[in-house]
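Take a look at the aromatic rings in this protein. How do they sit beside one another, and which of them meet a charge?

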Amino acid sequence: MRYSLGFILAISLAGLQFLAIIIVVSTSFVSSERAMLDHARGLMRDAGHNAVDHTKRFLEPARESADLASRILQSEVVSTADPVEMERYLFRHLQSKAQLSGIYYGDEAGNFVYVMRSDGPGSYRTKFVAIDGEERTTELIWRAEDFSVVERAFDPDDIFDPRRRQWYINASTAEAGVWTNPYIFFSSQHPGITVAAPVSRPDGSLEGVVGVDIEIAEISEFLSGLAIGTEGTAIILSDSAEVIAHPDQTQISVENADGTLGFAQVDDLGDPIARTALADLDPRAIYAQGPMQSEFAYEGDRFMTLFLPISGIELPWTIAVFAPEDDFIQGIKDNRRRNTWIAAIISLVTAAVGVLLAELILRPVRAFAVRTALVSQGEVSTTDPLPRTYQELRKANRTLIHEIAQRRDADRMIEELSRDMSHFSRVNVMGQMATGLAHELSQPLTAITQNVDAAITVARQDPNPSAELLTILSELDEQAHQGGDIIRALRGFVRKDEGQSEHFDLGELVAQTSHLMHNETETHGVAIKAQLSSLPPAIGNRVQIAQVLINLMRNAVDAMVAAASTPKIITITARKTGDKIEVWVDDTGPGVAKDVTLFKQFQTSKPDGLGLGLSISRTIIEANAGHLWYDRTGTNRSRFCFTIPCADPRTGDPSQQASQIRQTTL
């Protein structure tokens, strides 16, 4: 059977096309699969480190509370001989720490004061155990949030002795706070852990022990929300392979033979995949050797595992993370199968279309062969015009070249758009990171302010309070609130919140920002001088303007330190110019090189800089109806300048003027 040249050409091209597509798809699948698995392992490491950091942050307040209470009782700021005073201190401390479930103190005589959260009849319950010779008294008091008494009761059958408890025994022989093994709390039936710290007398002998209880169920809630593929799981194990935290909290506890509750072992888990993943795990070896990755198979499916020790909390805990590979590469497999079918269909369609195109393409060739034969036979003259088919081929050739050129231009545009989208994505991620950091930092700042308030209250209760200590605590409280204002301003800026414009004293703001920069400037030997004339009140977002000043001052410090300038001086000058205040920030550094493009995002002269500070500062100043620029007037100093509106006494109502400024800015 003979086939035409066009048919053979079309089938050959379709076959080559199909083979090329299969090779490309297979190669792409292998490389994509490897890349996705590497990416999956990175995601698992990130998830494991997130769980480690969360666990450490969650447990740290308990350790800090135990150490703080131990120091306060040991320094006799709160008398251990006065149970009522001690109860009030423990009550306030428990109120300021939402993670804690209870805090208590027991001494060598067997006396005991315990303040815990309660489900009723009051929000808190206090337990007093008083030993007077052979006489023992146990009193229970339920209190409301304002420390008022809700109900009282006595328990003559209570035989609790803190000296026989493991937390007391462990802490009595230690020099600092120690953790107990996790256990199920008797009162709440929830998993928890205790940290205890000794309280010593001036002669070094043991007076008593402070204990802090913290429930760890919240760690399981965090694990349940941790995204690890589609079906990935993270579990926390103790050194004895007990399940400390699990996304399904019902998997944690089991009933012992004596009817009490204990932690489940790996073999007690109801998930066969988890049992397979943890079958040969030795948490002690992981804690000693460090992170380990492995793989296992279950019912034909491949799984990846990561074992990561939790370091830095003095607890031999290990996080186990495992997830099926198909969670990450199933899409690639489906795409390979789909592309194979598409390639086959395209090849068949191409073959059919190719037959038609080959016939059209070969038609002028056959005409040329006929013309050649006729010319050779003398039936047609060589001077006769060429057939029209040749002209069409030339035209088709020109059209094809034009289409190729257009395609290349389109490819260049697509590549440029892809780079722009990638850049926008990175900027968006930076915004999310800033939001996340602002959220995470606001919590420890809140805790700092609460602890400082508590410390001020305790210090003022002293009959002879230390004025120097109160001054230090007040400054610490002021700076913590200032930090909180900056964090809130950052979160508002990321959310594109214009903020509120108000009148403020620019001189006072310069003094406060100079005070905030004191530690950094003193470390590097930098002096800050302010030359402020008599200025009217400025109008704008006070915290945002402070952020701009701090950024410009920090840039000046970095420039002078990098250049080893002598002397190192920052001079802040402000003057009224028309309806605005013009501020200059000068430094004795080398200035900005002419080849550096200022105020452009992601361009910086610092080796570890992001290139966002000046861009964000200009955006802030412009949002406050001002202007920021770098002065290249040839002075011997590096000078950044900006303007902000100032109050005009002729406008009347200051709030109305601030509103007009905001409307003009918008």
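What follows is a short walk through the aromatic pairs and the charges over rings. The model is predicted.

Start with the count. Rings pair if their centres lie within 6.5 Å. By this rule there are 11 aromatic pairs. One of them joins Phe112 and Tyr114. Their ring centres are 5.8 Å apart, and their planes meet at 50°. Planes under 30 degrees apart count as stacked and over 60 as edge-to-face, so this pair is tilted.

Are these two residues buried or exposed? Buried means under 20% relative accessible area. Phe112 has 4% relative accessibility, so Phe112 is buried. Tyr114 has 13%, so Tyr114 is buried too.

Tyr630 belongs to strand 22, residues 627–631. Phe640 belongs to strand 23, residues 638–645. Tyr630 is buried at 14% relative accessible area. Phe640 is buried as well, at 10%.

Finally, turn to the charges. Arg143 places its charged end over the ring of Phe147, 4.0 Å from the ring centre. Which ring lies under the charged end of Arg639? That ring belongs to Trp584, and the charged end is 4.1 Å from its centre.

Key: Residues are numbered from 1 along each chain as its sequence is written. This is a predicted model: local features need pLDDT of at least 70, side-chain atom pairs count only at pLDDT 80 or more; totals for chains, interfaces and linings use all residues. Side-chain values use heavy atoms; hydrogens and water are left out. Rings of Phe, Tyr and Trp (its six-membered ring) pair if their centres lie within 6.5 Å; planes under 30 degrees apart count as stacked, over 60 as edge-to-face and the rest as tilted. Buried means under 20% relative accessible area, exposed over 50%, partly exposed in between (1.4 Å probe, protein chains only). Helices (H or I, at least four residues) and strands (E, at least two) are DSSP runs, numbered from the N terminus. A charge sits over a ring if NZ of Lys or CZ of Arg is within 6 Å of the ring centre and within 35 degrees of the ring normal.
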